[in-house]
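Dear colleague,

I am passing a structure on to you, and below it you will find an account of what turned up when it was examined. Please read the account with the structure open beside it.

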Amino acid sequence: MTEKELVAKLNNLKNIKPDSQWKTSQRGILLSQIENTGVADLSAWQNFWIIIKSVFSAVPQTAYFSFAIILFLTGGLWYGRNLPLNPNSSLYIAKSISEKTHLNLIFNESEKTQLAMQYAQEHAQEIATTMANPKFNQTDTSTVNKLNASFKEEIGKLKNSLPKTDDSIVVSADSGKDANGLSVYDPTTEAVRQETSTVEPVVETKNANQILDEAQKLFDEKDYQGAVNKLEEAKSAIQ
Amino acid sequence: MSYISPVQKFKEHSLFSRLKKKDKDAFVQAYDLYVDDIHRFVYFKVGNQEEANDLTSIIFLKTWDYIKSNSLKDSKTLRALLYKIARTTIVDYYRQSKPHISLDNEEKKIDVIDENQDVMSQISVNSDLELIRKKLPELKIEYREVLIMRFVNELSLEEISEITGKTKGNIRVLIFRALKALRELIEPAIN
């Protein structure tokens, strides 16, 4: 006979129960004996408090543990993007995941693009700042190579996110030209055009592009501080 | 083996908390919940149906007296408290040196099988019971006690440890030895 079989046999003894008649009569006797012990009944508030405490005690510890993990992960996903981490940190991936999650939760396209730009700009800046540290730059070659590639990638992302400029001439009702394409000076429309002109942002976009190119160039020349400064400049230009 | 569902845990905790406030209804509910287990425990220790009945009644009354006059801070669960009182009551019973009738008394057949069981399970229970009825009293009392608590009434190691005042390690060793001893007693009978 194995131990398992023996345990099963012992377990079978659970079916032994006292006579139900005896149980009922005994219950009655017990009730009458304790009835006159002069103990007051519990108030509704006491009962409520006991139920609450019992619920907490009945929940398995694994449930509390799982809840804590879920809370930690959710918190990490939501607030991880604000962590002051360097790109060479092993936890930087958590920050990237948090940013991606946050981006995916934004449904307004223009807002999403703006935020993606902001992240890319921040990444580029973080990489440049990390690379500016000579101690790191000279020791960890493999990470340096990776960061070089990442920087290019982030600059590329930034450039792609910038509004596209169109060089083709578009003749519109408000172009200030007649049907033959000749400029017509009208002081009223000129004043309006100057007020509502979209020329300014195009100029800024061009500037931002140029600044980003310069930042990339400085980065390639290992002038990391210069690249950081350029990125700051690009940031204000984009804004 | 001794898995307690969250619902049961809730029920037990709620009952015990209410008992700490000396709630009578809670005590009656506790009686309904544990009378079978306590009766079985006593029965396997004293080996006599009538005395098991009497002792079970005494145990529940003693428990109520204890609840009335104590804060119950020294007991972790109601089950553990009931078993502790059951043990001391049985010890007192032995001290009074009443004639002990063991489980292998042929004239005192056990007639406490639940009537709701189907025939097949009754046969199975009967054969198992018959075998263990004969062999269980031959075991040392502490072996018998841990086997009943652990495998019949399904108490956790923590609870048995609290009831007996032994460490969990000691209880494990005791269970191992008790199973070995019981097997050694049963196997020749089967063969």
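In this predicted model, helix α6 and helix α8 of chain A cross in a left-handed manner, a crossing being left-handed if the near helix is turned anticlockwise from the far one by less than a right angle, and right-handed if clockwise. Helix α6(A) covers residues 109-131 and helix α8(A) residues 141-161, and their axes come within 9 Å and cross at roughly 150 degrees. This makes α6(A) roughly antiparallel to α8(A), where angles under 35 degrees count as roughly parallel, over 145 as roughly antiparallel, 65 to 115 as roughly perpendicular and the rest as oblique. The contact (heavy atoms within 4.5 Å) involves, among others, Met117(A), Ala124(A) and Ile127(A) of α6(A) and Leu147(A), Phe151(A) and Leu158(A) of α8(A). Its residues divide into 11 nonpolar, seven polar and two charged, with Ala, Val, Leu, Ile, Met, Phe, Trp, Tyr, Cys and Pro counted as nonpolar, Asp, Glu, Lys and Arg as charged, and the others, Gly among them, as polar.

Some conventions belong here. Residues are numbered from 1 along each chain as its sequence is written, while chains are lettered from A and ligands numbered from 1 in the order in which they are written. Because the model is predicted, local features need pLDDT of at least 70 and side-chain atom pairs count only at pLDDT 80 or more, whereas totals for chains, interfaces and linings use all residues; side-chain values use heavy atoms, with hydrogens and water left out. Helices (H or I, at least four residues) and strands (E, at least two) are DSSP runs, numbered from the N terminus, and axes are lines fitted to C-alpha atoms, for helices over the stretch in contact, with angles that run from 0 to 180 degrees between N-to-C directions.

In chain B, helix α1 (residues 6-20) and helix α2 (residues 24-46) have axes that come within 8 Å and cross at roughly 140 degrees, and these two helices are therefore oblique to each other. Their crossing, too, is left-handed. On the side of α1(B) the contact is made by Glu12(B), Leu15(B), Arg18(B) and Leu19(B), which meet residues of α2(B) including Phe27(B), Leu33(B) and Tyr34(B); by class, the contact has seven nonpolar residues, one polar and three charged. The loop between α1 and α2 of chain B holds Lys22(B), a residue other than glycine whose phi is positive, near 60 degrees.

Between the chains, the contact takes 48 residues from chain B and 39 residues from chain A. Together the two chains bury about 4500 Å², 66% of it on carbon and sulfur atoms, where buried area is the accessible area (1.4 Å probe) that two parts lose on being put together, summed over both. Phe10(B), Lys24(B) and Tyr31(B) supply 13% of the area that chain B buries against chain A, more than any other three residues.

Helix α1 (residues 3-12) of chain A packs on helix α8 (residues 168-190) of chain B at an angle of about 90 degrees, with the axes 11 Å apart, and the two are therefore roughly perpendicular to each other. Leu6(A) and Leu10(A) are among the residues of this contact, as are Leu182(B) and Ile186(B).

Over all chains the structure holds 17 salt bridges, each a side-chain nitrogen of Lys or Arg within 4 Å of a carboxyl oxygen of Asp or Glu, and three are counted between chain B and chain A. Asp36(B) pairs in this way with Lys23(A), the closest N and O atoms being 2.9 Å apart. Glu154(B) forms a salt bridge with Lys14(A), at 3.3 Å between the closest N and O atoms, and Glu154(B) also has a positive phi, near 55 degrees.
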